[in-house]
Amino acid sequence: MKIKKKILILGSTGSIGASALNVIKRYRDTIDIICLSTNRNYKKLLVQSKVFNVKNLIINDYNNFIKAKKLLKNRKIRLYSNVTEFLKENNKKIDLVVIGISGLDGLKPTLEVIPITKIVASANKESIICGWKFINNKLKKYKTNFIPIDSEHFSIWSLLNNDRHLISKIYLTASGGPLLNTHQDNLKKIKVNSVIKHPNWRMGKKISTDSASMMNKVFEVIEAVKIFNLDAKKVKIIVHPRSIIHAIIVFNNGLIKVLMHNTTMEIPLFNIIFKNNNLKYYNKTDINFDKLNGVNFIEPDNKKFPYLNILKKNKFKNTYYEIILVTLNDKLVNLFLKNKISFIKMQKLLLKLIGSNTLKKYYKKQPKNIKDIFIMVDKVKKHLNEYEKFF
Ligand SMILES: NC(=O)c1ccc[n+]([C@@H]2O[C@H](COP(=O)([O-])OP(=O)(O)OC[C@H]3O[C@@H](n4cnc5c(N)ncnc54)[C@H](OP(=O)(O)O)[C@@H]3O)[C@@H](O)[C@H]2O)c1
């Protein structure tokens, strides 16, 4: 009998988690899902556990954990209220952990699972941007491999062999989002619905807003700098509206490598989950030349997308800067999505606050542990709450 791969999916009720389960569905007999997790959506989690025959479930939100516990009284499913509790009873080495948790709340679980898995595959940008130093140290300590899920970083990871030292430049492609062709004057009145309507990808509201403002690309540059240990000057953004090419690497030996795939997160996830399984991706994999003919690339417009200026001066050396940036953006996007501030105001406020002396004093300091990261998050939130009174 063939041994099944043992995997754990954190954030299985979200978009990344659902895509991971969707690719597993076709080849269920090759995978043993040992645990799934959610924050609040226990109803979806229970359906997933039934479909995929999963015996361990984590529900982070305590009220929903209690509700699910009542429902599950007589079943043979083990329910845990967080990753720490799950790991107390399940610490045998597994093959892969997929991290699809959103926000900085993904950092602690990421660090916790490193010792019990051969590979950690993470889509959780916020944790990579703010806590990479701690993640990387632990990966080294436990000899655990890391694979990025985000399509651009997965592409870079796929293209690199033993030629990292030859990298001259990396281009991360950007679709330009829904506002690429919107005139600057019309941005003042742009509504939430238009901002979250991404032309090529189906994603949640937060990440779609980040795509529209190009903060998502800023984050992706920072992620690439950290994951691949690159000089920030070597990572560039190029607008490529059709989003079929995800990354381009220019090497010092004259070679240029490009990775293309259709715009679905299932493809990176399929290749990660079934790495070395030699299975076939089930959709049409032939090239669509109609999509490729006339593919165009455009230099990004820093005036229209002012967040791109953030990339000009910074080196992203694991100081508090990244933590402050992620927290401010998180809060301000939230205010925009609740219609409390306009899209333009959101951008103006972020750039004003990130340049303020109150926060600037932290940009040369580094957090010593993850507790320091969360202390800073609270400080920034408090600072913004004070500021909010004047909106
Ligand atoms: N979606 C994409 O195509 C895409 C592409 C690249 C990178 N990413 C990154 O991948 C991450 C996940 O994105 P997503 O779009 O899949 O997000 P999502 O749809 O909002 O799903 C997030 C998942 O994490 C769970 N979760 C949220 N807060 C949690 C907490 N405090 N503790 C434990 N679990 C928690 C959610 O549970 P509930 O269901 O209860 O909310 C859900 O299962 C983000 O960092 C995003 O930037 C996403």
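At what angle do α10 and helix α15 pack? I looked this up first. I found an angle of about 100° for α10 and α15 (residues 320–337), with their axes 10 Å apart. Axes here are lines fitted to C-alpha atoms, for helices over the stretch in contact, and angles run from 0 to 180 degrees between N-to-C directions. That makes α10 roughly perpendicular to α15. The words have cut-offs: under 35 degrees is roughly parallel, over 145 roughly antiparallel, 65 to 115 roughly perpendicular, and the rest oblique.

**Ground rules**

I am reading a predicted model, where local features need pLDDT of at least 70, side-chain atom pairs count only at pLDDT 80 or more, and totals for chains, interfaces and linings use all residues. Residues are numbered from 1 along each chain as its sequence is written. Helices (H or I, at least four residues) and strands (E, at least two) are DSSP runs, numbered from the N terminus.

**Entry: α10 and its partners**

I listed the residues that touch. From α10 come Lys205, Lys206, Thr209 and Asp210; from α15 come Val333, Phe336 and Leu337. Contact means that C-beta atoms, placed from the backbone, lie within 7 Å. By class, I noted three nonpolar, one polar and three charged residues in the contact of α10 with α15. Ala, Val, Leu, Ile, Met, Phe, Trp, Tyr, Cys and Pro count as nonpolar, Asp, Glu, Lys and Arg as charged, and the others, Gly among them, as polar.

Next I checked α10 (residues 205–213) against α11. Their axes come within 5 Å and cross at roughly 90°. α10 and α11 are therefore roughly perpendicular to each other. Ile207, Asp210, Ser211 and Ser213 of α10 meet Met215, Asn216 and Phe219 of α11. This contact of α10 with α11 divides into three nonpolar, three polar and one charged.

**Entry: domains**

I looked up how the chain is divided. The assignment gives domain 1 (5–149), domain 2 (150–263 + 286–305) and domain 3 (319–391). Such bounds come from an automatic or database domain assignment. The centres of domain 1 and domain 2, taken over C-alpha atoms, are 28 Å apart. Nine residues from domain 1 and 11 residues from domain 2 form the contact. On the domain 1 side, α6 and β7 each supply at least two residues. α6 gives the most there, with four residues. That side has seven nonpolar, one polar and one charged residues.

**Entry: the ligand**

Which residues are closest to the ligand? I count 27 residues around the ligand, and the closest are Gly11, Gly14, Asn39, Asp105 and Ala123. A residue is near a molecule or strand if its C-beta atom, placed from the backbone, lies within 6 Å of it. α1 (15–26) and α6 (125–142) each supply at least two residues of the shell. α1 has the largest share, three residues. By class, the shell holds seven nonpolar, 15 polar and five charged residues. Domain 1 and domain 2 both give residues to this shell, so the ligand lies between them.

**Entry: the sheet of seven strands**

I traced an open sheet in the order β4-β3-β2-β1-β5-β6-β7, with parallel pairing. Two strands pair if DSSP finds at least two bridges between them. β4 (78–80) and β7 (145–148) are at the edges with a single partner strand each, so one side of each has no neighbour in the sheet. The twist averages 20° from one strand to the next. β1 (residues 5–10) and β2 (residues 31–38) run parallel and share five bridges. I found Ile9 opposite Leu36 in β2. Helix α2 (residues 42–51) packs on the sheet and touches β2 and β3 (56–59); its direction makes about 170° with that of β2.

β8 (residues 167–174) joins β9 by five bridges, running parallel. β10 joins β11 by five bridges, running antiparallel. In the hairpin of β10 and β11, with four residues between the strands, Gly254 takes a positive phi near 95°.

Key:
Contact = placed C-beta atoms within 7 Å.
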